[in-house]
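Trainee: Could you take me through this structure from the beginning?

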Amino acid sequence: MNETIVGVVGNVATQPVFRETENGSSARFRMAVTARYLDREKNEWRDGHTNFFTVWANRQLAANVAACLSVGEPVIVHGRLKIRTDVHDGKNWTSADIDAVAIGHDMARGTSAFRRGAKPETGGASSQPEPNWETPVGEAADQQEREPVAVM
């Protein structure tokens, strides 16, 4: 089946709503995406039309969205676009929803501090310790002298 995958850049418009259901965690929020254009006559940037999307997140992504996102924050959402139509009170309604695969802060418009979530417990511990990838500045020259480099 073909799906429409989109990447959307905008702002969080509503506070994320988190729910725990029998099918797992779910969260949703509204996202506002406003086009910007250069008004050449006045030589200044103007806001264009604003599109709103309902963003849906599931499982761990839902928990992370609820913990990290707030109204007004710039975000990037990647997921499946779904256009839904419905009839409420005799009126036709159309909504554009995104079933998110990935969501993150837009680093072009600010900074963010990433914190990895806790991993679920696994059956056994690794038999090898994690390597130390950091080399203190003072030891870098000493280590180069002790470890010969093979040249081929």
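Mentor: Two notes on sources come before the questions. This is a predicted model, in which local features need pLDDT of at least 70 and side-chain atom pairs count only at pLDDT 80 or more, while totals for chains, interfaces and linings use all residues. Residues are numbered from 1 along each chain as its sequence is written, and side-chain values use heavy atoms, with hydrogens and water left out.

Trainee: In what order do the elements of the protein chain run from the N terminus on?

Mentor: Helices (H or I, at least four residues) and strands (E, at least two) are DSSP runs, numbered from the N terminus. The protein chain has two helices and six strands. From the N terminus on, their order is β-β-β-β-α-β-β-α.

Trainee: What share of the 152 residues in the protein chain is buried?

Mentor: Buried means under 20% relative accessible area, exposed over 50%, and partly exposed in between, with a 1.4 Å probe and protein chains only. Of the 152 residues in the protein chain, the buried ones make up 20%.

Trainee: Which residues does Phe29 touch, not counting residues up to four places away in sequence?

Mentor: Contact means heavy atoms within 4.5 Å. Phe29 is one of the core residues that touch the most other members. Not counting residues up to four places away in sequence, Phe29 touches Val12, Thr14, Pro16, Phe53, Thr54, Val55, Val65, Leu69, Val77 and Ile103.

Trainee: Is Pro16 buried or exposed?

Mentor: Pro16 is in the loop between S1 and strand S2 (17-21). Outside the four places on either side in sequence, Pro16 touches Arg28, Phe29, Val65, Ala66 and Leu69. Its relative accessibility is 12%, so Pro16 counts as buried.

Trainee: Which element gives the largest share of the lining of the largest pocket?

Mentor: On a 1 Å grid over the protein atoms alone, a pocket is an open set of points where a 1.4 Å probe fits, with protein on both sides within 12 Å along at least five of seven lines, and lining residues have an atom within 4 Å of a point. The largest pocket holds about 480 Å³ of space, a volume being the space filled by probe spheres set on the points, which are joined across faces, edges and corners. Its lining has 16 residues, and Asn64, Cys68, His105, Phe114 and Arg115 are the closest to its centre. The largest share of the lining, five residues, comes from H1.

Trainee: Which residues line the second largest pocket?

Mentor: The volume of the second largest pocket is about 160 Å³. Its lining residues are Val9, Gly10, Asn11, Ala32, Val33, Thr34 and Arg109.

Trainee: What does the side chain of Asp39 reach at 3.1 Å?

Mentor: Asp39 is in strand S3. The relative accessible area of Asp39 is 15%, so this residue is buried. Leaving aside neighbours within four places in sequence, Asp39 is in contact with Glu44 and Arg46. At 3.1 Å, its side chain reaches the backbone nitrogen of Glu41.

Trainee: What is the relative accessible area of Asn43?

Mentor: Asn43 lies in the loop between S3 and S4. Its phi is positive, about 55°, although Asn43 is not a glycine. Asn43 is exposed because its relative accessible area is 63%.

Definitions and conventions. Core = buried A, V, L, I, M, F, W, Y, C linked by side-chain atoms within 4.5 Å. Polar contact = N/O pair within 3.5 Å; in protein donor to acceptor, adjacent residues only side chain to side chain.
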